[in-house]
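Have the structure open as you read.

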Amino acid sequence: MQTDRHHLRTGFSTGACVSAVILAAFRSYTTPQFHEELTQTLLFPDGQQRLLTLLEVHPGFASIIKDGGDDPDCTHGAEIYARLRPAQIDELGEHDYLVSNQHSCHVILRAVEGIGLCTRLGLDCERNHWAINIGPRQMLQANLPQVPGCFLAEIGVKQGEELAHKTLNPRLGIQGGISILGTTGLVRPFSNEAYIATIRICLRSINLSGGTQAVLCTGGRTQKTAQSILQHLPETAFICIGDFIQDSIQAAQQQHINHIILSCMPGKLCKYAAGFQNTHAHKVDQAMHLFSEVYHSLLDHTRSAQPEISSHSSIRQALEYVEPQLIIPLYRAFCKLAYEHFSTWAPGITVRFLICDFDGTLLLDIIHSSDPHQPCHP
């Protein structure tokens with residue numbers, strides 16, 4: 001059954017929510033009656049005004065529950081708040097941002113709870129500053145009132161530090177909380193752009209910090225295996241790419257990272273060998289035809305009977321019927337085919353494959369490269 005995208009709700013980013021509560025705190029500070037109105041109109045980067053529903057408003061204070069629409073992430077339902085008061089420019093702290101408009105309205109933007117601190121270069125927030133990306137800061141700037149003066153906006157996300165453990169923030173070098181994100185202010189249903197953008201940011205950060213290798217992992221188990229083998233690499237070198245293999249490999253090369261270590265399981269490997277650019281189950285099948293074709297090419301053709309592998313519904317099931325002595329040759333063949341596709345997406349790239357069993361056990365460690373002097377084994 002196909003979901004009708006036209007009936008899916010668009011949500012609001014954490015950046016839009018922060019702008020909304022700061023603006024509401026402004027209005028409630030200057031207009032005491034505003035606390036009776038639990039809505040805030042906000043100008044978005046597309047030039048449209050939209051109405052956000054607030055949770056609570058008091059003079060100098062407002063809060064909101066983040067609504068991610070029909071594409072919710074771990075921040076969906078989080079409570080975001082802002083406290084506002086008059087301030088002096090010299091109250092600007094080393095981690096704070098100063099956001100100003102043409103009407104001489106200056107806002108010191110300071111995190112007080114649940115928002116991380118950026119500790120690395122290459123992100124969309126400045127190093128040694130709160131993890132509030134440039135998009136949300138620009139959105140706030142576009143919405144500041146025509147009220148001259150300096151104000152301190154203290155913003156927070158309740159339980160933000162706990163939520164951050166469900167994100168890539170610890171690996172990105174953002175400590176102590178979530179990031180305030182959003183280039184458009186909107187969260188569009190079933191959009192993968194945000195995840196791919198995060199992968200690109202991770203790779204850019206590796207490049208800017210002088211790294212030459214990236215470890216692309218398809219999930220938690222493959223990452224754990226890779227980390228146990230590559231203990232000399234920093235945690236920030238390991239990136240969970242999910243299904244986005246082509247985007248990740250091309251993004252790595254764009255950041256001048258031409259040595260990739262790819263940690264995956266047999267099912268993903270077979271899809272790579274088939275040339276799938278995105279391996280999501282809703283987008284592609286299990287590539288059983290290719291599995292069967294490669295398997296039969298490895299068999300002794302003098303046999304009178306050859307099992308029909310392609311009738312199985314999954315790679316994992318089919319592997320149970322493959323002779324033990326053919327398992328590693330099968331994976332080697334898939335790695336070779338996968339590299340042929342990867343090298344067309346990113347010419348000249350070197351890929352070290354770490355093939356993991358379904359329990360995380362390492363099965364094969366092999367390198368493919370266009371360099372004839374590059375050894376096949378690490």
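At what angle do helix H9 and H11 pack, and how far apart are their axes? H9 (residues 288–298) and H11 pack at an angle of about 125°, with their axes 10 Å apart. Keep in mind that this is a predicted model, where local features need pLDDT of at least 70, side-chain atom pairs count only at pLDDT 80 or more, and totals for chains, interfaces and linings use all residues. Residues are numbered from 1 along each chain as its sequence is written, and side-chain values use heavy atoms, with hydrogens and water left out.

**Some terms**
- Helices are DSSP runs (H or I, at least four residues), numbered from the N terminus.
- Axes are lines fitted to C-alpha atoms, for helices over the stretch in contact, and angles run from 0 to 180 degrees between N-to-C directions.

**H9 against H11**
- H9 and H11 are therefore oblique to each other (angles under 35 degrees count as roughly parallel, over 145 as roughly antiparallel, 65 to 115 as roughly perpendicular and the rest as oblique).
- On the H9 side, Leu290, Phe291, Val294, Tyr295 and Leu298 meet H11 residues including Phe334 and Leu337 (contact means heavy atoms within 4.5 Å).
- The residues of this contact split into 11 nonpolar, no polar and no charged (Ala, Val, Leu, Ile, Met, Phe, Trp, Tyr, Cys and Pro count as nonpolar, Asp, Glu, Lys and Arg as charged, and the others, Gly among them, as polar).

**H8 against H11**
- H8 (residues 266–273) packs on H11 (residues 324–345) at about 50°, with the axes 7 Å apart.
- That angle makes H8 oblique to H11.
- The crossing of H8 past H11 is left-handed.
- Among the H8 residues that meet H11 are Pro266 and Leu269, and the H11 residues there include Phe334 and His341.
- This contact has 11 nonpolar residues, 1 polar and no charged.

**H1 and Cys17**
- Helix H1 (residues 14–30) is largely enclosed by the rest of the structure, because 14 of its 17 residues are buried (buried means under 20% relative accessible area, exposed over 50%, partly exposed in between, with a 1.4 Å probe and protein chains only).
- Cys17 sits in H1 and counts as buried at 1% relative accessibility.
- Cys17 and Lys66 are 49 residues apart along the chain, yet their C-alpha atoms are separated by 6.5 Å.

**Thr222 in H6**
- Thr222 belongs to helix H6 (residues 220–229) and, at 2% relative accessibility, counts as buried.

Key: Helix = DSSP H or I, 4+ residues; strand = E, 2+ residues; numbered from the N terminus. Left-handed = near helix turned anticlockwise from the far one by under 90°.
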